[in-house]
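Subject: Structure for you to look at

Hi,

Here is the structure I promised you. Please open it and keep it beside this email as you read.

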Amino acid sequence: MVGSAIAGVFASVSPAEAIMFTVNGTNYDVTTVTTTYDANTSLLQSQPWWGNQTLAEQFASTVLQGLPGTVPNKGPRFVYSTGFFSDPFSGDFTFINYSVYDTTANPLVYSSVSGISSNYVYATATEATPVPFDFDPSFGVVALGGIWAGRKVIKKIKTSKKSV
């Protein structure tokens, strides 16, 4: 499992395979999707960090650039809100606010804005379902051996009782 460290995986996949990260003590399966905000508004607005810039920054700094589909030196965009801008020269403009890890920026996690109709690599996350325990295949061999040995012991006890 990958914790809060960089998961050195780089591939160009859309959507990518999820990788587990821990943020604020909760495990999340985080992945990326290359899309426009317009095309996936409901998906992007359903993320745990939606409406929470601080949480978006925490995710961005935890995930860093450890997800497939990201460009060199940058992680995926963690969108947390939208805004509206009206300019008499360029017209009306809806934009997104996001946090992203960027090794070329100072500080490393920053918030910025961009248009809603351009393709970008966005992060998505779902809370990871806990696994009751990891099953080791050798457990089955040990269990079968225990059953076999137990039957032999019971058989010996039964045989010894008959001879008394």
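Predicted model: local features only at pLDDT ≥ 70, side-chain atom pairs only at ≥ 80, totals over all residues.

Residues are numbered from 1 along each chain as its sequence is written, and side-chain values use heavy atoms, with hydrogens and water left out.

Strand 2

Thr35 sits in strand 2, which covers residues 26–35. (Strands are DSSP runs of E, at least two residues; helices are runs of H or I, at least four; both are numbered from the N terminus.) Thr35 is buried, at 7% relative accessible area. (Buried means under 20%, exposed over 50%, partly exposed in between, with a 1.4 Å probe and protein chains only.) The Thr35 side chain makes a polar contact with the side chain of Asn40, at 2.6 Å. (A polar contact is a pair of N or O atoms within 3.5 Å; within protein, one must be able to donate a hydrogen and the other to accept it, and residues adjacent in sequence count only if both atoms are side-chain atoms.) Setting aside neighbours within four places in sequence, Thr35 is in contact with Asn40, Ser118, Asn119, Tyr120 and Tyr122. (Contact means heavy atoms within 4.5 Å.)

Strand 3

Ser81 belongs to strand 3, residues 78–87. Is Ser81 buried or exposed? Ser81 counts as buried, because its relative accessibility is 19%. Its side chain makes a polar contact with that of Asn97, at 2.8 Å. Not counting residues up to four places away in sequence, Ser81 touches Trp50, Phe95, Ile96 and Asn97.

Phe85 is also in strand 3. Phe85 counts as partly exposed, at 40% relative accessibility. With the residues up to four places away left out, Phe85 touches Gly91, Asp92, Phe93 and Phe95. Phe85 and Phe95 are 10 residues apart in sequence and 7.6 Å apart in space, C-alpha to C-alpha.

Helix 2

Helix 2 spans residues 53–63, and its buried residues are Leu55, Ala56, Phe59, Ala60, Thr62 and Val63. They lie on the same side of helix 2, because they cover an arc of only 165° around the axis. (The arc is that of the directions from the helix axis to the C-beta atoms.) An α-helix has 3.6 residues a turn, so residues three or four places apart point the same way.

Now the two ends. Asn52 caps the N-terminal end of helix 2, with a side-chain oxygen 3.2 Å from the backbone nitrogen of Thr54. Leu64 follows helix 2, and its phi is positive, near 55°.

Best wishes
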